Amino acid sequence: MKVVCFAGYSGSGKTHLIERLIPVFKARGLRVSVAKHAHHKFDLDHPGKDSFRHREAGAFEVVVASGRRLALMREFERETQLSVRDLIAELDHRVDWVFVEGFKHADLLKIEVWRAACGEPPRYINDEFMAAMATDSPGELSVLPSYPLLDLNATEAVAAWLLENQDRFEYDSSPNLKLSLTDAC
């Protein structure tokens, strides 16, 4: 599987870009999974449903499946911080690509999604894992990065760049990988 992390400030367009890329990859016959970091408590289940009742009764995990869908819900006894590698390990190994949203400090190659309208400076300056930047504001950059600038609004071009460079995004499950300087640029 190949893994790419989309990092950027809130409101920069990470979700929107991923949402547009998924059907482009799917149209090429590729399976895409998404791993997303949530900053808050969230729930996918509803009161009254059997799976909700099982969790409320104290089940550590509840897996629900039909002929078309599978969902796994796990309750941690105490606050737990999972790494992006923990999430990727939970995914089906037959997936072609994993798009990671968030996890800006992960040791994975990233595409920074940056818009000048967000009012924040780019993060690329100090991140050895930055592979490219997708932006709608290249003229607003005070310093041009040494890696490719992609047009945030040109979904097909971003997809083509990822596919042309797919060997760079091959996932190695070894934690704390260090890239050589030539691999990071």
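Okay, let's start with Asp92: with a relative accessible area of 33%, Asp92 is partly exposed. By that I mean between the two cut-offs, since buried is under 20% relative accessible area and exposed is over 50%, with a 1.4 Å probe and protein chains only. Keep in mind that this is a predicted model, where local features need pLDDT of at least 70, side-chain atom pairs count only at pLDDT 80 or more, and totals for chains, interfaces and linings use all residues. Residues are numbered from 1 along each chain as its sequence is written, and side-chain values use heavy atoms, with hydrogens and water left out.

So which residue does Asp92 meet in a salt bridge? The partner is Arg94, at 2.5 Å from N to O. A salt bridge here is a side-chain nitrogen of Lys or Arg within 4 Å of a carboxyl oxygen of Asp or Glu. Arg94 itself counts as exposed, at 52% relative accessibility.

Arg74 and Glu61 bring their side chains together in a salt bridge, 2.4 Å from N to O. Arg74 sits in strand β4 and Glu61 in strand β3, so this pair ties together parts 13 residues apart in sequence. When I say strand or helix, I mean DSSP runs numbered from the N terminus: helices are H or I with at least four residues, strands are E with at least two.

How many salt bridges does a search of the whole structure find? The search gives 10. Another one of them joins Asp50 and Arg53, with the closest N and O atoms 3.9 Å apart. These two are both in helix α2, three residues apart, which is about one turn of the helix. Asp50 and Arg53 are both exposed.

Now, a greasy bit of surface. Phe60, Phe76 and Leu82 make a nonpolar surface patch of about 250 Å². Patches are built from residues with over 30% relative accessible area and no salt bridge; like charges are joined within 9 Å, and nonpolar side chains (Val, Leu, Ile, Met, Phe, Trp, Tyr) within 5 Å. The areas come from the Shrake-Rupley method with a 1.4 Å probe, and for residues only the protein chains shown count as cover. Phe60 is in the loop between α2 (50-56) and β3 (61-65), and is partly exposed at 39%.

On to helix α1, residues 14-27. Its 14 residues at 1.5 Å each should span 20 Å, and the end C-alpha atoms are 20 Å apart, so the two agree. The expected span is 1.5 Å times one less than the number of residues. Buried residues of α1 include Leu17, Ile18, Leu21, Val24 and Phe25. What covers the buried residues of α1? Among the elements are β1 (2-7), β2 (32-36) and α4 (155-164), where contact means heavy atoms within 4.5 Å. After α1 comes Gly29, with a positive phi near 80°.

And α4? Its buried residues include Val158, Trp161 and Leu162, and their cover includes α1 and β8 (149-151).

Last stop: Arg78, in the loop between β4 (70-74) and α3 (84-90). Is Arg78 buried or exposed? Exposed, with a relative accessible area of 66%.
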